[in-house]
Amino acid sequence: MNFPIVRPRRLRKTAALRSFVRETELLPRDFVYPLFAINGKNVKKPIASMPGVYQLSVDNIVREGEECLRLGIPAVILFGIPASKDEKGTSAFDPAEAVQQAVSALKRQFPELLVITDVCLCEYTSHGHCGLITAGEVENDLTLNLLAQTALSHARAGADIVAPSDMMDGRVAAIRSALDEHGFVQTPIMSYAVKYASAFYGPFRDAAGSVPQFGDRRSYQMDPANCREALKEVAQDLAEGADMLMVKPALAYLDIIRAVKAATNLPLAAYNVSGEYAMVKAAAEKGWLDEKRVALEMLLSMKRAGADMILTYFAKEAAVWLKEES
Ligand code: PBG
(Lines give C-alpha, C1' and ligand atoms only; values in the text may rest on other atoms or scores of the structure.)
Protein backbone atom coordinates (compact mmCIF):
# COMPACT_ATOMS: atom_id res chain seq x y z
CA MET A 1 0.00 0.00 0.00
CA ASN A 2 1.38 3.38 -0.92
CA PHE A 3 0.60 6.87 -2.12
CA PRO A 4 -2.06 8.07 -2.93
CA ILE A 5 -3.84 5.65 -0.56
CA VAL A 6 -1.28 6.31 2.17
CA ARG A 7 -0.93 9.99 3.08
CA PRO A 8 0.96 10.60 6.36
CA ARG A 9 -0.01 14.27 6.21
CA ARG A 10 -3.65 13.34 7.04
CA LEU A 11 -2.67 12.96 10.70
CA ARG A 12 -0.75 16.25 10.78
CA LYS A 13 -3.56 18.47 9.54
CA THR A 14 -4.69 20.03 12.83
CA ALA A 15 -3.21 20.62 16.26
CA ALA A 16 -5.88 18.33 17.71
CA LEU A 17 -4.93 15.46 15.37
CA ARG A 18 -1.21 15.97 15.97
CA SER A 19 -1.73 15.92 19.70
CA PHE A 20 -3.98 12.85 19.43
CA VAL A 21 -1.27 10.76 17.74
CA ARG A 22 1.74 12.18 19.60
CA GLU A 23 3.98 9.37 20.84
CA THR A 24 6.11 11.11 23.45
CA GLU A 25 5.17 13.69 26.04
CA LEU A 26 7.63 15.68 28.09
CA LEU A 27 6.44 16.46 31.63
CA PRO A 28 7.84 18.41 34.60
CA ARG A 29 7.81 15.15 36.55
CA ASP A 30 10.52 13.82 34.21
CA PHE A 31 13.04 16.38 35.46
CA VAL A 32 15.78 16.38 38.07
CA TYR A 33 17.21 19.83 38.85
CA PRO A 34 20.97 20.01 39.62
CA LEU A 35 22.04 22.35 42.43
CA PHE A 36 25.52 23.45 43.58
CA ALA A 37 25.80 23.70 47.36
CA ILE A 38 28.39 25.97 48.98
CA ASN A 39 29.06 26.87 52.62
CA GLY A 40 27.88 30.19 54.07
CA LYS A 41 24.66 32.16 54.28
CA ASN A 42 22.76 34.00 51.60
CA VAL A 43 25.32 33.08 48.92
CA LYS A 44 24.17 33.15 45.29
CA LYS A 45 27.23 33.19 43.08
CA PRO A 46 26.60 33.16 39.32
CA ILE A 47 28.48 30.72 37.09
CA ALA A 48 29.66 32.64 34.04
CA SER A 49 29.41 29.78 31.53
CA MET A 50 25.99 28.65 32.81
CA PRO A 51 23.59 31.62 32.80
CA GLY A 52 20.83 31.11 35.39
CA VAL A 53 22.88 28.60 37.43
CA TYR A 54 24.46 29.57 40.78
CA GLN A 55 26.54 28.27 43.63
CA LEU A 56 24.04 28.44 46.49
CA SER A 57 24.24 28.36 50.26
CA VAL A 58 21.87 26.05 52.10
CA ASP A 59 19.23 28.74 52.75
CA ASN A 60 19.02 29.43 49.01
CA ILE A 61 19.06 25.71 48.15
CA VAL A 62 15.95 25.32 50.30
CA ARG A 63 14.23 28.06 48.28
CA GLU A 64 15.10 26.21 45.08
CA GLY A 65 13.66 23.00 46.48
CA GLU A 66 10.42 24.78 47.23
CA GLU A 67 10.26 26.22 43.72
CA CYS A 68 10.87 22.80 42.15
CA LEU A 69 7.92 21.32 44.03
CA ARG A 70 5.74 24.28 43.04
CA LEU A 71 6.66 23.68 39.38
CA GLY A 72 5.97 19.94 39.58
CA ILE A 73 9.65 18.91 39.47
CA PRO A 74 9.96 15.94 41.84
CA ALA A 75 13.71 15.76 42.42
CA VAL A 76 16.97 17.67 42.79
CA ILE A 77 20.57 16.41 42.60
CA LEU A 78 23.19 18.06 44.78
CA PHE A 79 26.85 18.80 44.04
CA GLY A 80 29.18 20.41 46.56
CA ILE A 81 31.84 23.09 46.68
CA PRO A 82 33.74 22.33 49.91
CA ALA A 83 35.55 24.72 52.26
CA SER A 84 38.79 22.78 51.78
CA LYS A 85 40.31 20.16 49.50
CA ASP A 86 43.00 17.54 50.11
CA GLU A 87 44.68 14.62 48.34
CA LYS A 88 42.03 12.14 49.45
CA GLY A 89 38.97 14.36 49.14
CA THR A 90 38.04 13.81 52.79
CA SER A 91 35.69 16.82 52.86
CA ALA A 92 33.40 14.71 50.62
CA PHE A 93 32.20 12.80 53.70
CA ASP A 94 32.31 15.61 56.24
CA PRO A 95 28.82 15.83 57.82
CA ALA A 96 29.31 19.58 58.33
CA GLU A 97 29.88 20.23 54.59
CA ALA A 98 27.43 22.02 52.31
CA VAL A 99 25.93 18.93 50.59
CA GLN A 100 25.18 17.06 53.82
CA GLN A 101 23.71 20.24 55.35
CA ALA A 102 21.64 20.94 52.25
CA VAL A 103 20.27 17.39 52.22
CA SER A 104 19.06 17.56 55.79
CA ALA A 105 17.63 21.07 55.41
CA LEU A 106 15.72 20.07 52.27
CA LYS A 107 14.39 16.85 53.78
CA ARG A 108 13.35 18.64 56.97
CA GLN A 109 11.35 21.29 55.09
CA PHE A 110 10.11 19.29 52.10
CA PRO A 111 9.93 15.58 52.91
CA GLU A 112 8.14 14.93 49.62
CA LEU A 113 10.99 16.35 47.49
CA LEU A 114 13.37 13.62 46.29
CA VAL A 115 16.93 14.53 47.17
CA ILE A 116 19.63 12.79 45.13
CA THR A 117 23.33 13.28 45.86
CA ASP A 118 26.19 13.04 43.40
CA VAL A 119 28.82 10.74 44.91
CA CYS A 120 32.28 11.64 43.61
CA LEU A 121 35.59 12.97 44.89
CA CYS A 122 36.60 15.36 42.10
CA GLU A 123 35.09 18.43 43.75
CA TYR A 124 36.90 17.54 46.99
CA THR A 125 40.40 16.49 45.87
CA SER A 126 43.22 19.02 45.55
CA HIS A 127 44.20 17.43 42.21
CA GLY A 128 40.65 17.40 40.82
CA HIS A 129 40.54 13.71 39.93
CA CYS A 130 37.67 11.42 40.91
CA GLY A 131 39.88 9.05 42.92
CA LEU A 132 43.07 8.70 44.93
CA ILE A 133 46.35 9.27 43.13
CA THR A 134 49.21 6.80 43.52
CA ALA A 135 52.32 7.12 41.38
CA GLY A 136 50.58 9.62 39.12
CA GLU A 137 47.66 7.27 38.40
CA VAL A 138 44.05 7.28 39.58
CA GLU A 139 43.99 4.27 41.93
CA ASN A 140 40.81 2.23 41.69
CA ASP A 141 40.54 -0.07 44.69
CA LEU A 142 41.70 2.34 47.40
CA THR A 143 39.18 4.89 46.12
CA LEU A 144 36.20 2.58 46.74
CA ASN A 145 36.26 2.98 50.50
CA LEU A 146 36.28 6.79 50.20
CA LEU A 147 33.31 6.67 47.83
CA ALA A 148 31.45 4.32 50.16
CA GLN A 149 32.05 6.67 53.09
CA THR A 150 30.81 9.58 51.00
CA ALA A 151 27.61 7.77 50.02
CA LEU A 152 27.09 6.75 53.64
CA SER A 153 27.45 10.35 54.85
CA HIS A 154 24.80 11.40 52.32
CA ALA A 155 22.45 8.62 53.44
CA ARG A 156 22.98 9.61 57.07
CA ALA A 157 22.04 13.20 56.18
CA GLY A 158 18.81 11.83 54.70
CA ALA A 159 19.48 11.48 50.95
CA ASP A 160 16.71 9.59 49.13
CA ILE A 161 19.02 8.30 46.39
CA VAL A 162 22.82 8.26 46.03
CA ALA A 163 24.31 8.64 42.55
CA PRO A 164 27.97 7.64 42.07
CA SER A 165 29.56 9.45 39.10
CA ASP A 166 33.24 8.57 39.58
CA MET A 167 33.48 5.61 37.14
CA MET A 168 35.70 3.47 39.39
CA ASP A 169 35.21 -0.28 38.88
CA GLY A 170 33.29 -1.92 41.71
CA ARG A 171 31.93 1.26 43.30
CA VAL A 172 28.29 0.20 43.19
CA ALA A 173 29.05 -2.98 45.15
CA ALA A 174 31.23 -1.08 47.62
CA ILE A 175 28.55 1.55 48.20
CA ARG A 176 25.78 -1.07 48.47
CA SER A 177 27.62 -3.02 51.12
CA ALA A 178 28.52 0.09 53.16
CA LEU A 179 24.91 1.28 53.06
CA ASP A 180 23.54 -2.14 54.01
CA GLU A 181 26.03 -2.61 56.83
CA HIS A 182 24.81 0.61 58.40
CA GLY A 183 21.11 -0.04 58.04
CA PHE A 184 20.45 1.87 54.82
CA VAL A 185 19.17 -1.19 52.97
CA GLN A 186 16.35 0.89 51.48
CA THR A 187 18.52 3.65 49.98
CA PRO A 188 18.59 3.22 46.18
CA ILE A 189 21.71 3.68 44.04
CA MET A 190 21.35 5.55 40.77
CA SER A 191 24.54 4.63 38.98
CA TYR A 192 26.14 6.90 36.40
CA ALA A 193 26.82 3.54 34.74
CA VAL A 194 27.63 4.96 31.34
CA LYS A 195 29.66 8.12 31.62
CA TYR A 196 31.83 9.25 28.75
CA ALA A 197 35.05 11.29 28.86
CA SER A 198 33.31 14.27 27.32
CA ALA A 199 34.20 17.84 26.42
CA PHE A 200 30.58 18.73 27.22
CA TYR A 201 31.43 18.85 30.95
CA GLY A 202 33.51 22.02 30.55
CA PRO A 203 31.16 24.55 32.19
CA PHE A 204 30.38 22.16 35.08
CA ARG A 205 34.03 21.95 36.03
CA ASP A 206 34.07 25.74 36.41
CA ALA A 207 30.86 25.60 38.44
CA ALA A 208 32.11 22.88 40.77
CA GLY A 209 35.79 23.83 40.72
CA SER A 210 36.72 20.30 39.64
CA VAL A 211 39.09 20.76 36.70
CA PRO A 212 41.79 18.03 36.87
CA GLN A 213 45.12 19.64 37.74
CA PHE A 214 47.01 17.19 35.49
CA GLY A 215 46.03 14.80 32.74
CA ASP A 216 42.39 14.04 31.94
CA ARG A 217 39.68 11.54 32.91
CA ARG A 218 40.17 9.12 30.02
CA SER A 219 41.59 6.34 32.18
CA TYR A 220 38.25 6.05 34.01
CA GLN A 221 35.51 7.71 31.95
CA MET A 222 34.47 5.96 28.72
CA ASP A 223 35.68 6.45 25.17
CA PRO A 224 32.97 8.34 23.21
CA ALA A 225 33.47 5.90 20.33
CA ASN A 226 32.10 2.90 22.25
CA CYS A 227 28.60 1.45 22.54
CA ARG A 228 29.22 -2.23 23.35
CA GLU A 229 31.35 -1.09 26.25
CA ALA A 230 28.33 0.82 27.60
CA LEU A 231 26.42 -2.45 27.81
CA LYS A 232 29.34 -4.05 29.62
CA GLU A 233 29.29 -1.24 32.22
CA VAL A 234 25.53 -1.65 32.57
CA ALA A 235 25.76 -5.42 33.09
CA GLN A 236 28.43 -4.88 35.72
CA ASP A 237 26.39 -2.30 37.63
CA LEU A 238 23.29 -4.51 37.47
CA ALA A 239 25.28 -7.36 38.98
CA GLU A 240 26.54 -5.06 41.72
CA GLY A 241 23.02 -3.99 42.69
CA ALA A 242 22.34 -0.68 40.95
CA ASP A 243 18.66 0.32 41.21
CA MET A 244 18.68 2.92 38.45
CA LEU A 245 21.05 3.73 35.61
CA MET A 246 22.24 6.88 33.93
CA VAL A 247 23.72 7.76 30.57
CA LYS A 248 25.82 10.92 30.41
CA PRO A 249 26.08 13.17 28.43
CA ALA A 250 22.70 12.90 26.70
CA LEU A 251 22.48 14.86 23.45
CA ALA A 252 25.42 13.32 21.60
CA TYR A 253 24.59 9.88 23.07
CA LEU A 254 20.94 9.29 22.17
CA ASP A 255 21.88 5.99 20.52
CA ILE A 256 23.44 4.87 23.80
CA ILE A 257 20.29 5.80 25.73
CA ARG A 258 18.29 3.71 23.29
CA ALA A 259 20.69 0.76 23.53
CA VAL A 260 20.78 0.78 27.34
CA LYS A 261 16.99 1.04 27.48
CA ALA A 262 16.66 -2.02 25.26
CA ALA A 263 19.17 -3.98 27.32
CA THR A 264 17.68 -3.50 30.82
CA ASN A 265 14.45 -3.04 32.72
CA LEU A 266 15.82 -0.54 35.25
CA PRO A 267 14.66 3.07 35.34
CA LEU A 268 16.99 5.04 33.09
CA ALA A 269 18.12 8.63 33.54
CA ALA A 270 19.87 10.85 31.00
CA TYR A 271 22.06 13.80 31.99
CA ASN A 272 21.60 16.86 29.79
CA VAL A 273 25.01 18.21 30.85
CA SER A 274 26.46 21.67 31.34
CA GLY A 275 27.91 22.05 27.83
CA GLU A 276 24.61 21.11 26.22
CA TYR A 277 22.94 23.81 28.31
CA ALA A 278 25.64 26.43 27.70
CA MET A 279 25.51 25.99 23.89
CA VAL A 280 21.81 26.74 23.77
CA LYS A 281 22.08 29.66 26.19
CA ALA A 282 24.94 31.22 24.19
CA ALA A 283 23.24 30.85 20.83
CA ALA A 284 19.98 32.21 22.25
CA GLU A 285 21.81 35.20 23.72
CA LYS A 286 23.09 36.02 20.25
CA GLY A 287 19.59 35.65 18.85
CA TRP A 288 20.64 32.71 16.69
CA LEU A 289 18.23 30.14 18.13
CA ASP A 290 14.79 30.06 19.69
CA GLU A 291 15.88 28.95 23.16
CA LYS A 292 12.56 27.60 24.33
CA ARG A 293 11.86 25.51 21.25
CA VAL A 294 15.41 24.19 20.96
CA ALA A 295 15.65 23.25 24.63
CA LEU A 296 12.27 21.48 24.63
CA GLU A 297 13.16 19.65 21.41
CA MET A 298 16.45 18.44 22.93
CA LEU A 299 14.75 17.25 26.12
CA LEU A 300 12.00 15.56 24.12
CA SER A 301 14.61 13.71 22.06
CA MET A 302 16.13 12.29 25.25
CA LYS A 303 12.78 11.03 26.44
CA ARG A 304 11.97 9.61 22.99
CA ALA A 305 15.32 7.81 23.00
CA GLY A 306 14.26 6.05 26.19
CA ALA A 307 15.13 8.21 29.20
CA ASP A 308 12.62 7.88 32.05
CA MET A 309 14.03 10.93 33.77
CA ILE A 310 16.27 13.81 32.66
CA LEU A 311 18.77 15.71 34.77
CA THR A 312 18.77 19.20 33.33
CA TYR A 313 19.70 22.79 34.19
CA PHE A 314 16.65 23.72 32.09
CA ALA A 315 14.29 21.95 34.52
CA LYS A 316 12.63 25.03 36.00
CA GLU A 317 12.39 26.97 32.73
CA ALA A 318 11.20 23.89 30.86
CA ALA A 319 8.49 23.25 33.46
CA VAL A 320 7.21 26.79 32.91
CA TRP A 321 7.41 26.49 29.10
CA LEU A 322 5.49 23.20 29.18
CA LYS A 323 2.77 24.83 31.25
CA GLU A 324 2.55 27.71 28.74
CA GLU A 325 2.15 25.24 25.89
CA SER A 326 -0.58 23.12 27.46
C1 PBG B 1 31.61 14.57 38.80
C2 PBG B 1 30.63 15.01 37.79
C3 PBG B 1 30.82 15.73 36.60
C4 PBG B 1 29.55 16.00 36.10
C5 PBG B 1 28.63 15.41 36.95
N6 PBG B 1 29.32 14.78 37.98
C7 PBG B 1 32.04 16.28 35.97
C8 PBG B 1 33.09 15.44 35.43
O9 PBG B 1 33.02 14.20 35.40
O10 PBG B 1 34.08 16.04 35.05
C11 PBG B 1 29.24 16.80 34.85
C12 PBG B 1 27.91 17.44 34.82
C13 PBG B 1 27.74 18.48 33.77
O14 PBG B 1 28.60 18.73 32.92
O15 PBG B 1 26.67 19.10 33.78
N16 PBG B 1 32.43 13.53 38.45
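The following legends describe close-up views of a predicted model.

Figure 1. Strand 4 comprises residues 75-81 and is mostly covered, with 7 of its 7 residues buried. Ala75, Ile77, Phe79 and Ile81 point one way from the strand, while Val76, Leu78 and Gly80 point the other way. Residues of both sets are buried. Strand 1 (residues 31-38) pairs with strand 4 in the parallel sense, and 7 bridges join the two. One of the residue pairs to view here is Phe36 with Phe79, its bridge partner in strand 4. Strand 4 also pairs in the parallel sense with strand 5 (residues 114-119), over 4 bridges. In that pairing, Ile77 is set opposite Ile116 of strand 5.

**Figure 2. The β-α-β unit that contains strands 4 and 5.** The unit is made of strand 4, helix 3 (residues 98-109) and strand 5, and it is right-handed. The two strands of the unit are themselves paired in the parallel sense, with 4 bridges between them. Ile77 and Ile116 stand opposite one another in this pairing.

**Figure 3. Strand 8 beside strand 5.** Strand 5 and strand 8 run parallel and are joined by 4 bridges. Ile116 stands opposite Ile161 in strand 8; Ile116 is also the residue of strand 5 that stands opposite Ile77. Strand 8 covers residues 161-164. From this strand, Ile161 and Ala163 point one way, whereas Val162 and Pro164 point the other way. These four residues are all buried.

**Figure 4. The largest cavity and its lining.** A search of the whole structure finds 1 cavity of 30 Å³ or more. The volume of the largest cavity is about 140 Å³. Its lining consists of 19 residues, and those nearest the centre are Cys122, Lys195, Tyr201, Phe204 and Lys248. Strand 9 (190-195) and helix 6 (202-208) each contribute at least two residues to the lining. Sorted by class, the lining residues of this cavity are 10 nonpolar, 3 polar and 6 charged.

**Figure 5. The largest pocket and its lining.** The space in the largest pocket amounts to about 550 Å³. The pocket is lined by 16 residues, of which Arg22, Leu26, Leu296, Leu322 and Glu325 are the closest to its centre. At least two lining residues come from each of helix 10 (291-305) and helix 11 (315-325). The lining of the largest pocket is made up of 7 nonpolar, 3 polar and 6 charged residues.

Figure 6. Thr24 is located in the loop between helix 1 (15-20) and strand 1. Thr24 counts as buried because its relative accessible area, 19%, falls under the 20% cut-off. When residues up to four places away in sequence are not counted, Thr24 touches Leu300, Lys303 and Arg304. Thr24 and Gly306 are separated by 282 residues in sequence, yet their C-alpha atoms are 10.0 Å apart in space.

Figure 7. Lys281 is part of helix 9, which spans residues 274-285. The residue counts as buried because its relative accessibility is 10%, a value under the limit of 20%. Leaving aside neighbours within four places in sequence, the contacts of Lys281 are Pro51, Glu291, Phe314 and Glu317.

Definitions and conventions: Residues are numbered from 1 along each chain as its sequence is written. This is a predicted model: local features need pLDDT of at least 70, side-chain atom pairs count only at pLDDT 80 or more; totals for chains, interfaces and linings use all residues. Side-chain values use heavy atoms; hydrogens and water are left out. Buried means under 20% relative accessible area, exposed over 50%, partly exposed in between (1.4 Å probe, protein chains only). Contact means heavy atoms within 4.5 Å. On a 1 Å grid over the protein atoms alone, a cavity is a set of points where a 1.4 Å probe fits but cannot get out, and a pocket is an open set with protein on both sides within 12 Å along at least five of seven lines; lining residues have an atom within 4 Å of a point. Grid points are joined across faces, edges and corners, and a volume is the space filled by probe spheres set on the points. Ala, Val, Leu, Ile, Met, Phe, Trp, Tyr, Cys and Pro count as nonpolar, Asp, Glu, Lys and Arg as charged, and the others, Gly among them, as polar. Two strands pair if DSSP finds at least two bridges between them. A crossover is right-handed if, with the strands pointing away from the viewer, the path from the first strand over the helix to the second runs clockwise.
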